[in-house]
Amino acid sequence: MNQIEELLRSVLTSMLVDIIISGARGNSEFTKVKVRPVKIKGIIYFQAAKYTDKQVFHENLTADEALDLIGRWLVSDFRQAQIRMQDRNISVLVSKKGKVTVKTKLLQCSAPQNLEHNRMKHYILEEGIAVPFLVDLGVMTDSGKIVRTKYDKYRQINRFLEFIEDILPELPKDRTLRIIDFGCGKSYLTFAMYYYLKELRGYDLEITGLDLKETVIAECQALAERYGYDGLHFLCGDIADFEGEDNVDMVVTLHACDTATDYALYKAVRWKAGVILSVPCCQHELNRKMKCDTLAGAFQYGLIQERTAALMTDAMRGQLLEIKGYRTQLLEFIDMEHTPKNILIRAVRSQKMMLPAARRQRIQQYEACREFFGASLTLERLLNGMEEEP
């Protein structure tokens, strides 16, 4: 029995918490894989979440199936695995020549984990632990209990923090992290972002929240000062007119209406921001302008035209960010049952120069969409203007 197979047989049990397989090699179909045990009808399976740049695929495997797949992934597709057990953590490194290095760190054994497939979700901001800004914003009680009518907001906040958790490796930790939150509104997510990165993760950071509503901005600034959040500031202003920044690491824009999202994305690209998180809202521009003879019959139904325009607006925005060198994903933010505005654009600036042939292909794909729907976006105009700047 080889070393990897022997190790996997010992960890593919109910004691496993999860396995994160990463460091994809050139021939890998997936960027990473996460495996965790689940109990379905009394039987333990191992659920594999297989990530590509655009999607996540889930598959429930028996122990033997998981052993075979994970073994093949580590031999040919990935360089490393981090294995969390209830009683130990295991690090596995596989060199190009196939040399396997295994390091184990023993832990104090905790209570048995719940393997039920529909188990209660673990949130980054846990219920039962009072967080001051969530109490003041009416999401939690003083004892840390979630207010029943605010549970959707609580889930939304945690879901947003999960997206940030995924991109932490892309953010610098050796200097002050600079974040701009365009259209911050009441700033539920702005405060959550600051609390998570500063208090829980230890980042040195400065966050600026921008919104048009003066009273809301004043209230948010007063809260930030009350909590002693020295690196959190709020300004009143319009996204399109906002200037004065040269070095921004992350741009966040949540529910900025219509072309305000385009201005936020444009500024992020101009600043060469490493990460962009955007949940667009009210995508009216394409709906007003698009003309597509092929779909004229379908577009006689206004609802169909409106929703098609909204989806294609965000898809075309994603394509434009790809052209500018960002690895871009369109992801579900929260369940559709809670809000139709549930697409998050997550873009990470690539450190590698895109090959000319790949860039030409992305431009051609975008232009094909633009021609099919007969309309361009404000973001395209802004980015083209940026290319002309000295």
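This is a predicted model: local features need pLDDT of at least 70, side-chain atom pairs count only at pLDDT 80 or more; totals for chains, interfaces and linings use all residues.

Residues are numbered from 1 along each chain as its sequence is written, and side-chain values use heavy atoms, with hydrogens and water left out.

**Stop 1: the helix pair**

Select residues 3–11 for α1 and 63–77 for α2; their axes come within 10 Å and cross at roughly 140 degrees. Axes here are lines fitted to C-alpha atoms, for helices over the stretch in contact, with angles from 0 to 180 degrees between N-to-C directions. Helices (H or I, at least four residues) and strands (E, at least two) are DSSP runs, numbered from the N terminus. The two helices are therefore oblique to each other, the label for whatever is left once angles under 35 degrees count as roughly parallel, over 145 as roughly antiparallel and 65 to 115 as roughly perpendicular.

Which residues of α1 meet α2? Show Ile4, Glu5, Leu8 and Arg9 on the α1 side, and Asp64, Leu67, Ile70, Gly71, Leu74 and Val75 on the α2 side. Contact means heavy atoms within 4.5 Å. The residues of this contact divide into 6 nonpolar, 1 polar and 3 charged. In that count Ala, Val, Leu, Ile, Met, Phe, Trp, Tyr, Cys and Pro are nonpolar, Asp, Glu, Lys and Arg are charged, and the others, Gly among them, are polar.

**Stop 2: a strand residue**

Next, pick Ala49 in strand β3, residues 43–51. Is Ala49 buried or exposed? Ala49 is buried, at 8% relative accessible area; buried means under 20%, exposed over 50% and partly exposed in between (1.4 Å probe, protein chains only). Leaving out residues up to four places away in sequence, Ala49 touches Lys32, Val33, Lys34, Val56, Phe57 and His58.

**Stop 3: around α7**

Jump to Asp258, in the loop between β11 (250–257) and α7 (260–270). Its phi is near 50 degrees, a positive value in a residue other than glycine. Most residues other than glycine have a negative phi. Asp258 counts as buried, at 12% relative accessibility.

Now color α7 itself: 8 of its 11 residues are buried, among them Leu265, Tyr266 and Val269. Just after α7, Lys272 takes a positive phi of about 60 degrees. Carry on to Cys282, in the loop between β12 (275–281) and α8 (285–289); Cys282 is not a glycine, yet has a positive phi of about 55 degrees.

**Stop 4: the cysteines**

How many disulfides does the structure hold? There are 0, a disulfide being a pair of cysteine sulfur atoms within 2.5 Å. Click Cys236: its closest cysteine sulfur, in Cys184, is 9.5 Å away, too far for a bond. Cys369 is in no disulfide either, and the nearest cysteine sulfur, that of Cys292, is 11 Å away.

**Last stop: α4**

Finish at Asp152, in helix α4 (residues 151–166). Asp152 is partly exposed, at 40% relative accessible area. Glu332 lies 180 residues from Asp152 in sequence and 15 Å from it in space, C-alpha to C-alpha.
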